[in-house]
Each structure stands twice: as C-alpha cells, then as structure tokens.
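Here is a short note for your first look at this model. Please keep the structure open while you read the points.

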Amino acid sequence: MPQFNWNDSKNLLSKLTVKRFINGSKVLGSFYVSRLLNRPVQWGYPVSVSFEPTTSCNLRCPECPSGLRQFSRPTGMLQNDLFKRTIDDIHRELLYLIFYFQGEPYLNPDFLEMVKYASDKKIYTATSTNAHYLHDEAAKKTVESGLDRLIISIDGTTQDVYQQYRVGGNLEKVLEGAKNIMKWKKELKSKTPFVFFQFLVVKPNEHQIEDIKRLAKEAGVDEVRFKTAQVYEYETDPNNLIPTIDKFSRYKKNADGRYTAKNKLANRCWKMQHANVITWDGLVVPCCFDKDATHQLGNLKNQSFKEIWNNGNYKQFRTELKKSRKNIDICANCSEGVSVWKD
C-alpha cells in the first residue's frame, strides 16, 4: 500500500467501513494462504484500483511511453459513464482509488468531476500530475473535488536540470501550480489534498536532493518523497539515467559494467493480490508495469469489474505468476520494495 503520514493516515482511516475492512482482511488472508499452499488463492475484491484518465501528455519524458509517444495501444480519454458504472460496481469494497496510469490526468476535461464522484462515495482518491495545468481555477476545483492526495512530479530544482528529464516542462509553472493548491487549501479551510513533491532520482538530478527539500518548504507543500526511476534498457542505460547513489537505484552495476535489477522476483506479488489497473478504454490489466496493456484480463465494455476479477484470464495469470514470475515480461523491471522514500 502507498505510504502515509499521520494526518494522511487518519484521512484514509476515515474512509474505512465495515465492509471495506472485511474485504481487506479477505485479500490479506488470501495472500498468506497462497504463500502457505503455494498456489493462487484470491478472496475479496481489490483494496486499490488505478484508473487511467488519459494517455495524452504535454511532456516528453525519456522513460515514459506517453512522453515518447511510443504506445502500441490507442490514446484517448476515459469517459464518465464507463468510470461511474465501474465505481458503482466496486465502491463498497474499494478503499483507495488512484487516478493515474499513463498520461497527464488534468488533460481530461471530466477528470475533477470523476474525482468528486468517487469522493462522494467516501473513497480515498489520489492522483499524480506534472502540475502544468494547476492554474488558479483548476487549483480551486481540485480542492473542492475532495481529492485526498496530490502527487506533484518535480525532478529538478533548476530549469536546466528539471528539463533534462521533464522534457518540454517549465519549472516555474510547476511551482506556481503547487502554490495555487496550497493557497486554496488555506482559503477553503480544507485539510485535503495532502500534497507532496515527488522527486524521481536520476543521475542528472541526484546532486539536488537537498535542494528539493528547501524548495518544497518554500512552496508550502506537506512533504517530499524520493522515487527510484524505472529504466527500460537498464542493462546498458543508454540515456545515462541510473543514479550513482545506490539507495535510489533499482539496479546494481556488475563487474562488466552492465546493470541487473535488484528485485529477486519471488513467485508472489502483493500488488497483484490487492490492486490492479484500468486503462482509459476499459481494459483491466494486472498492474502499472503493463504500460501497453499486453496482459488484458478483461474489458469493462463487455463484463462488469467483479466478473472480470474472477474470470478465467485472471485465474490463469495468477497461476503463471505463482509458477514462475521471472518469465512474465512485465515483472522483470518491477520495483516492489525498492521504490519510494520519504524525507
């Protein structure tokens, strides 16, 4: 599950109902029973779901399919009716809803309306943004929507460093957007959203780790968190992104100069057990590492979410994961257990 500070945790716990608690207990129990029996067991429904508002993005980040414009799947916008129908199906069990997979959520004109819909059903809501669209009006609507958590991606404290990864981005616009959110939180006397700067540590910006803490304090955000970077061609790292600080790297350098992933890939996966991802056009996939939705477990245009969660495709994927996770392509670059640190 995502990390929380005390105030954030209290907010999350306020969303916990008896039904959601029972569902979460079932999911956790099935995870340990699966380990004990060494075969897939799945009780309950997801505790957390990621919904993709859009695959469109204004930036061109070098390790992102949206930024590189290299999707093998279509781009588009999540439609309100599909979203609402799915939330109506699962909201009694669902505790945590992430409005992000690929793309920039604020490009979807219905995004904040969807947040409000989920928030009104007492679901904890979160999103991640590059903050280029947090102008004054959007910032006010964000606070009013009831969004619980706002992750602002900011990977440099000077424009020259920031734009090396956030290609096409404007650091001043990001800082202005953050300040707009904090201003409206104060004016509307709102405790939410909990706002933090997320600093993706790569080689070009690793010297600014202390600087981002200072910048966060100046902007008034609640926290800073540091995230390791997923590098697609990590064996050779052609873009020279893998940091030299081992703590912030998903990879280790071998004697021959090539890199290997730190994760040992045991034949189990907590993320697979308690969460999943839904693309803008209704495809259900195992997790956020399936960027191109190559492992399609179902389509919400044809089945309800609860039908998909227990269908043959899902059961087959769970079985394959328990047998040999290392042979599943999307698991090879998994960061589970080595991804985020709080300041």
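1. A term comes first: a helix here is a DSSP run of H or I with at least four residues, numbered from the N terminus. By that rule, I22 lies in helix α2. Keep in mind that the model is predicted.

2. L13, L16, V18, F21 and I22 make a nonpolar patch of about 490 Å². Helix α2 (residues 18–37) gives the largest share, 3 residues. I22 has a relative accessible area of 42%, so it is partly exposed.

3. Turn to helix α1 (residues 6–13). Here D8, S9, N11 and L12 are buried. These residues sit on the same side of α1, because they cover an arc of only 160 degrees around the axis. W6, N7 and L13 are exposed on the other side of α1. What do the buried residues of α1 pack against? They pack against the strands β2 (96–99), β3 (124–129), β4 (149–153) and β5 (194–201).

4. Now the rings. The count is 13 aromatic pairs. F31 and Y32 form an edge-to-face pair, because their ring centres are 5.3 Å apart and their planes meet at 70 degrees; the cut-off for edge-to-face is over 60. F31 is buried at 10% relative accessibility, whereas Y32 is partly exposed at 48%.

5. Y106 and F111 are also an edge-to-face aromatic pair, with 5.0 Å centre to centre and 70 degrees between the planes. Y106 counts as buried at 12% relative accessibility. F111 is buried too, with a relative accessible area of 1%. Ring pairs link Y106 and F111 with F51, F83 and F99 into a cluster.

Methods:
Residues are numbered from 1 along each chain as its sequence is written. This is a predicted model: local features need pLDDT of at least 70, side-chain atom pairs count only at pLDDT 80 or more; totals for chains, interfaces and linings use all residues. Side-chain values use heavy atoms; hydrogens and water are left out. Patches are made of residues with over 30% relative accessible area and no salt bridge: like charges are joined within 9 Å, nonpolar side chains (Val, Leu, Ile, Met, Phe, Trp, Tyr) within 5 Å. Accessible areas come from the Shrake-Rupley method with a 1.4 Å probe; for residues, only the protein chains shown count as cover. A salt bridge is a side-chain nitrogen of Lys or Arg within 4 Å of a carboxyl oxygen of Asp or Glu. Helices (H or I, at least four residues) and strands (E, at least two) are DSSP runs, numbered from the N terminus. Buried means under 20% relative accessible area, exposed over 50%, partly exposed in between (1.4 Å probe, protein chains only). The arc is that of the directions from the helix axis to the C-beta atoms. Contact means heavy atoms within 4.5 Å. Rings of Phe, Tyr and Trp (its six-membered ring) pair if their centres lie within 6.5 Å; planes under 30 degrees apart count as stacked, over 60 as edge-to-face and the rest as tilted.
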